[in-house]
Amino acid sequence: MPEILRAGRLFEVDLDALRALGVRALLLDADNTLCFWHSLQIPDETLLWLRQAKAMGFALAVVSNARTRRLQPLAARLGLPIFHRAMKPLPFALLRAAKALGMPPKHCAMLGDQLLTDLPAALLCGMRRVLVEPLDRKRESAFTKGFSRRAEWLLGRRP
Ligand SMILES: [Mg+2]
């Protein structure tokens, strides 16, 4: 199985390197990856990165565990399809997204900030896994802070 790729924040992910690995579609986690947690705010650097990804011909989609349609305006503003209620680490929403983009899973990468949801979902459907640093570790859900980040630390993840 291909190794986990690590980057700083999303906008620091090397698009040329992904393309060289055969990646043609990028599935993006929303909260703390694409935008700040529970916010529609996107860093300027990320907007530039998205523009570059589009210009390079990558297919893009947002795949989020958000349970509401809160992120719909953000995805619309970016012109990206969005798959809510993804229930990562289950793989089904990622597979739906890949199908909608017309890409076989082996040409897709899932990019997200959570070791316990984003990455296993990608592994289960044979996609590349890219772990990014959260945009802001201070602004996260109580569950993420209290459980997920501690578990990640125990699994050896160090910021
Ligand atoms: Mg996230």
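A: E5 and strand E6 (residues 128-131) pair in the parallel sense over four bridges. Strands pair if DSSP finds at least two bridges between them, and helices (H or I, at least four residues) and strands (E, at least two) are DSSP runs, numbered from the N terminus. This is a predicted model: local features need pLDDT of at least 70, side-chain atom pairs count only at pLDDT 80 or more, and totals for chains, interfaces and linings use all residues. Residues are numbered from 1 along each chain as its sequence is written.

Q: Which residue in E6 does Leu111 stand opposite?
A: Val130. From E5 the chain crosses through helix H5 (residues 118-124) to E6, a right-handed β-α-β crossover; that is, with the strands pointing away from the viewer, the path from the first strand over the helix to the second runs clockwise.

Q: And what pairs with E5 from residues 25-28?
A: Strand E2, in the parallel sense, over four bridges. Ala25 is opposite Cys108 there.

Q: Is E5 buried or exposed?
A: Five of the five residues of E5 (108-112) are buried, so the strand is largely enclosed by the rest of the structure. Buried means 20 or more other C-beta atoms lie within 10 Å of a residue's own, with C-beta atoms placed from the backbone. Cys108, Met110 and Gly112 are on one side, and Ala109 and Leu111 on the other.

Q: New topic: what order do the strands take in the sheet?
A: E1-E6-E5-E2-E3-E4, six strands in an open sheet with parallel pairing. The edges are E1 (4-6) and E4 (82-83), each pairing on one side only.

Conventions:
Buried ≥ 20, exposed ≤ 12 C-beta atoms within 10 Å, placed from the backbone.
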